[in-house]
Amino acid sequence: MTNQPITDFSTLPPIMAVDFDGTLVVDKFPEIGKEREHLCNLVRELHSRGVKVILWTSRTGEHLENAVNWCKEHNIPLDAVNQNISEVIELTGYDTRKVFADVYVDDKSCPAKVLELRQFSNQEESWLEKLA
């Protein structure tokens with residue numbers, strides 16, 4: 001596929017990239033934990049309103065297959081798995097390593113704005129202690 005100039009991202013549908021372990025289900029990796037019902041219901045609802053859903057997980061191989069099958073069995077609609085939706089690929093001319101989304105939902109995430117607001121003055125503290 002040849003690279004073509006990226007055009008207008010505003011033409012894309014809204015996109016949510018959602019993690020699996022610790023987000024859609026309680027983290028029991030490599031097993032699959034209990035459904036986090038509220039978040040799964042939200043994903044279903046948003047998809048019904050036109051939001052595209054990307055399963056964005058570090059699972060691979062059989063573990064990824066199990067997660068995708070779990071989503072199918074629990075009616076979690078997926079428009080892509082660990083890759084961009086087709087509309088993004090068509091728009092940009094390629095599939096980037098990091099998926100493009102309007103929102104990334106992950107149990108281990110921290111909004112960049114939170115970090116921008118932090119003043120790290122005491123160099124003796126670890127960055128993890130400063131986030132606590």
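**View 1. Glu-87 is partly exposed, with a relative accessible area of 26%.** This is a predicted model. The side chain of Glu-87 meets that of Lys-52 in a salt bridge, 3.4 Å from N to O. Glu-87 belongs to helix H3 (residues 86–92) and Lys-52 to strand E2, so the pair ties together parts 35 residues apart in sequence. Lys-52 is also partly exposed, at 22% relative accessible area. Side chains of opposite charge can pair when their charged atoms come close.

**View 2. Four strands form an open sheet.** Their order is E3-E2-E1-E4, and the pairing is parallel. Strand E3 (80–81) and strand E4 (103–105) stand at the edges. Each has a single partner strand, so one side of each is left without a neighbour in the sheet. Strand E2 spans residues 52–55. Two bridges join E2 to E3, and these strands run parallel. Within this pair, Ile-54 stands opposite Ala-80 of E3.

**View 3. Arg-59 is buried, at 2% relative accessibility.** Arg-59 sits in the loop between E2 and helix H2 (61–73). What does the side chain of Arg-59 make a polar contact with? The partner is the side chain of Asp-21, at 2.6 Å. The Arg-59 side chain also reaches the backbone oxygen of Pro-30, at 3.5 Å. Residues up to four places away in sequence are set aside for the next list. Arg-59 then touches Phe-20, Asp-21, Phe-29, Pro-30, Glu-31, Ile-32, Leu-64, Ala-67 and Asn-82.

**View 4. The largest nonpolar core holds 16 residues.** Phe-20, Leu-24, Val-43, Leu-55, Trp-70, Cys-71 and Ile-76 touch the most other members. Strand E1 (15–18), helix H1 (37–48), E2 and H2 each give two or more residues to this core. Which element gives the largest share? H2 does, with five residues. In soluble globular proteins, nonpolar side chains tend to be buried together.

**View 5. Val-43 is a member of the largest nonpolar core.** Its neighbours within four places in sequence are left aside here. Beyond them, Val-43 is in contact with Met-16, Leu-24, Val-53 and Ile-76. Of these, Leu-24 and Ile-76 are listed with Val-43 among the core residues that touch the most other members.

**View 6. Arg-49 and Glu-45 form a salt bridge.** Their closest N and O atoms are 2.6 Å apart. Is Arg-49 buried or exposed? Arg-49 is exposed, with a relative accessible area of 63%. Glu-45 is partly exposed, at 34% relative accessibility. The structure holds six salt bridges.

**View 7. Asp-27, Asp-107 and Lys-108 are linked in a network of salt bridges.** One of the links joins Lys-108 to Asp-107, with the closest N and O atoms 3.3 Å apart. Lys-108 is exposed, at 64% relative accessibility. Asp-107 is partly exposed, with a relative accessible area of 35%.

Definitions and conventions:
Residues are numbered from 1 along each chain as its sequence is written. This is a predicted model: local features need pLDDT of at least 70, side-chain atom pairs count only at pLDDT 80 or more; totals for chains, interfaces and linings use all residues. Side-chain values use heavy atoms; hydrogens and water are left out. Two strands pair if DSSP finds at least two bridges between them. Buried means under 20% relative accessible area, exposed over 50%, partly exposed in between (1.4 Å probe, protein chains only). A polar contact is a pair of N or O atoms within 3.5 Å; within protein, one must be able to donate a hydrogen and the other to accept it, and residues adjacent in sequence count only if both atoms are side-chain atoms. Contact means heavy atoms within 4.5 Å. A nonpolar core is a set of buried Ala, Val, Leu, Ile, Met, Phe, Trp, Tyr and Cys residues joined through side-chain atoms within 4.5 Å. A salt bridge is a side-chain nitrogen of Lys or Arg within 4 Å of a carboxyl oxygen of Asp or Glu.
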